[in-house]
Amino acid sequence: MILSSSRTPEKTLYIMGANLISTIRERQFVTVSPLELFCSYKEVHGEVSFAYFNFGLDWLFILDVVELTEKGDIKLCN
C-alpha cells in the first residue's frame, strides 16, 4: 500500500523512496549493491525489514528513478 492512515509516515513508500534517494546521494554512491545500500539506509533511518526496503527499491524502479547495472548494483538515473 502506498498511502495508509494506519501507519506512521516513515512507512509510506513515498518517504521510503525519498530516504533511499537521499542515502544514495549523501553517501555519493555511483553504483551500490542492494545489501550495502540496506546497511547504509538502516544506519541513517533506523530499522526496516529487508522486504519493505525492497518495496521501496521497486517503487523507485517503477518510477525510473533507479536502474540496475549488469552486476545487479543500483544506480540513480540521470
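Author: The buried residues of α1 pack against α2, α3 and β2 (74–76). Buried means under 20% relative accessible area, exposed over 50%, and partly exposed in between, with a 1.4 Å probe and protein chains only. Contact means heavy atoms within 4.5 Å.

Reader: What are the ground rules here?

Author: This is a predicted model: local features need pLDDT of at least 70, side-chain atom pairs count only at pLDDT 80 or more, and totals for chains, interfaces and linings use all residues. Residues are numbered from 1 along each chain as its sequence is written, and side-chain values use heavy atoms, with hydrogens and water left out. Helices (H or I, at least four residues) and strands (E, at least two) are DSSP runs, numbered from the N terminus.

Reader: Which residues of α1 are buried?

Author: Take the cut-off of under 20% relative accessible area. Eight names follow from α1: L13, M16, G17, N19, L20, I21, T23 and I24.

Reader: How far does α1 reach from its first C-alpha to its last?

Author: The expected span of a helix is 1.5 Å times one less than its number of residues. α1 has 14 residues, and 20 Å is expected. The reach of α1 is close to that, at 19 Å.

Reader: At what angle do α1 and α2 pack?

Author: Axes are lines fitted to C-alpha atoms, for helices over the stretch in contact, and angles run from 0 to 180 degrees between N-to-C directions. Angles under 35 degrees count as roughly parallel, over 145 as roughly antiparallel, 65 to 115 as roughly perpendicular and the rest as oblique. α1 and α2 are therefore roughly perpendicular to each other. Their axes lie 10 Å apart, and the angle is about 105°.

Reader: Which residues make that contact, and how do they divide by class?

Author: From α1 come M16, N19, L20, S22, T23 and I24; from α2 come L37, S40, Y41 and H45. Ala, Val, Leu, Ile, Met, Phe, Trp, Tyr, Cys and Pro count as nonpolar, Asp, Glu, Lys and Arg as charged, and the others, Gly among them, as polar. The contact of α1 with α2 divides into five nonpolar, five polar and no charged.

Reader: How far apart are the axes of α1 and α3?

Author: α1 and α3 are roughly perpendicular to each other. Their packing angle is about 80°. The distance between the axes is 9 Å.

Reader: What classes of residue make the contact of α1 with α3?

Author: L13, Y14, M16, G17, L20 and I21 in α1 meet Y52, F53, F55, G56, L57, W59 and L60 in α3. By class, the contact has eleven nonpolar, two polar and no charged residues.

Reader: Where on α3 do its buried residues sit?

Author: The buried residues of α3 are Y52, F53, G56, L57, W59 and L60. They cover an arc of only 155° around the axis, the arc being that of the directions from the helix axis to the C-beta atoms. That puts them on the same side of α3.

Reader: Is Y52 buried or exposed, and at what relative accessibility?

Author: Y52 is found in helix α3. Leaving aside its neighbours within four places in sequence, Y52 is in contact with K11, T12, L13 and M16. Y52 counts as buried, at 12% relative accessibility.

Reader: What is the phi of Q28?

Author: Most residues other than glycine have a negative phi. Q28 is found in the loop between α1 (13–26) and α2 (34–45). Q28 counts as exposed at 69% relative accessibility. Its phi is positive although Q28 is not a glycine, at about 55°.
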